[in-house]
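Hi,

Here is the structure I promised to pass on. Have a look at it first, and then read my notes below.

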Amino acid sequence: MASPSSLTLDDFDLAILALLQRDNTLSQRDIAQTVHLSAPAVQRRISRLRASGVIRAETAVLDASRLGRPLTLLVEVHLHDEHPLRTAGLQQRMQDEIAVQQCYAITGEADYLLVITAATMADYEAITTRLFGGDDNVRRFCTSVALNCLKVGLQVPLPGGPVQV
């Protein structure tokens, strides 16, 4: 797999990525018509973007609140020791826990920032028990409950600014 830094993206690639970020259900034929390439050329470019890791995943973004998980919680995790041998278990539990939507190792006072979805506060308590219970390296965790969602997105600004398609 080519590293993203060694991959050169041209205007066609950027236009394809802009379209896919908005709607990855577009057919290659529709993308081809929009960017003025042939469908096979678009297919080759998308395959190259996948193989290089520029396109990491293609998935549906679900509304957790409509699926019985109305709580979004932001959790700062503070550790005693950041040594990899002491954090490996916690990192694996965070990766394995499906309720953890996002997990970042961060700078500042906390060591990790998690975005978690839960059905109820009791559900959240069970999640935190699975994640942190019995881990003597977790010094503490601080939870903020999201009151309202102002924006959710995974779109990445593309080089050169907005691409007109």
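Leaving aside neighbours within four places in sequence, which residues is Gln28 in contact with? They are Ala39, Val42, Gln43 and Ile46. Before you go further, keep in mind that this is a predicted model.

A bit more on that spot. Gln28 sits in helix α2, which covers residues 28-35. Its relative accessibility is 29%, so Gln28 counts as partly exposed. Ile46, one of its contacts, is 18 residues away in sequence, and the C-alpha atoms of Gln28 and Ile46 are 9.0 Å apart.

Next, Asp13. You'll find Asp13 in helix α1 (residues 11-22). Is Asp13 buried or exposed? With a relative accessible area of 1%, Asp13 is buried, because the cut-off for that is under 20%. The side chain of Asp13 makes a polar contact of 2.9 Å with the side chain of Arg45. Setting aside neighbours within four places in sequence, Asp13 is in contact with Arg45 as well as Thr8, Arg48 and Leu49.

Now the nonpolar cores. The largest has 18 residues, and the ones touching the most other members are Val75, Val77, Leu90, Leu114, Ile116, Leu131 and Phe132. Which elements give two or more residues to this core? They are β1 (71-79), α4 (84-96), β3 (112-118) and α5 (121-132). The most comes from β1, with 5 residues. There is also a second, separate core of 16 residues, and Ile16, Ile31, Ala32 and Leu49 are among them.

Not counting residues up to four places away in sequence, Ile116 touches Leu71, Thr72, Leu73, Val75, Ala99, Val100, Tyr124, Ile127 and Leu131.

Last, the aromatics. How many aromatic pairs does a search of the whole structure find? The count is 1. The pair is Phe132 with Phe141: the ring centres are 4.6 Å apart and the planes are at 35°, so the pair counts as tilted. As for the two partners, Phe132 is buried, with a relative accessible area of 6%, whereas Phe141 is partly exposed at 33% relative accessibility. Phe132 is also on that list of residues touching the most other members of the largest core.

Cheers

Note on methods:
Residues are numbered from 1 along each chain as its sequence is written. This is a predicted model: local features need pLDDT of at least 70, side-chain atom pairs count only at pLDDT 80 or more; totals for chains, interfaces and linings use all residues. Side-chain values use heavy atoms; hydrogens and water are left out. Helices (H or I, at least four residues) and strands (E, at least two) are DSSP runs, numbered from the N terminus. Buried means under 20% relative accessible area, exposed over 50%, partly exposed in between (1.4 Å probe, protein chains only). A polar contact is a pair of N or O atoms within 3.5 Å; within protein, one must be able to donate a hydrogen and the other to accept it, and residues adjacent in sequence count only if both atoms are side-chain atoms. Contact means heavy atoms within 4.5 Å. A nonpolar core is a set of buried Ala, Val, Leu, Ile, Met, Phe, Trp, Tyr and Cys residues joined through side-chain atoms within 4.5 Å. Rings of Phe, Tyr and Trp (its six-membered ring) pair if their centres lie within 6.5 Å; planes under 30 degrees apart count as stacked, over 60 as edge-to-face and the rest as tilted.
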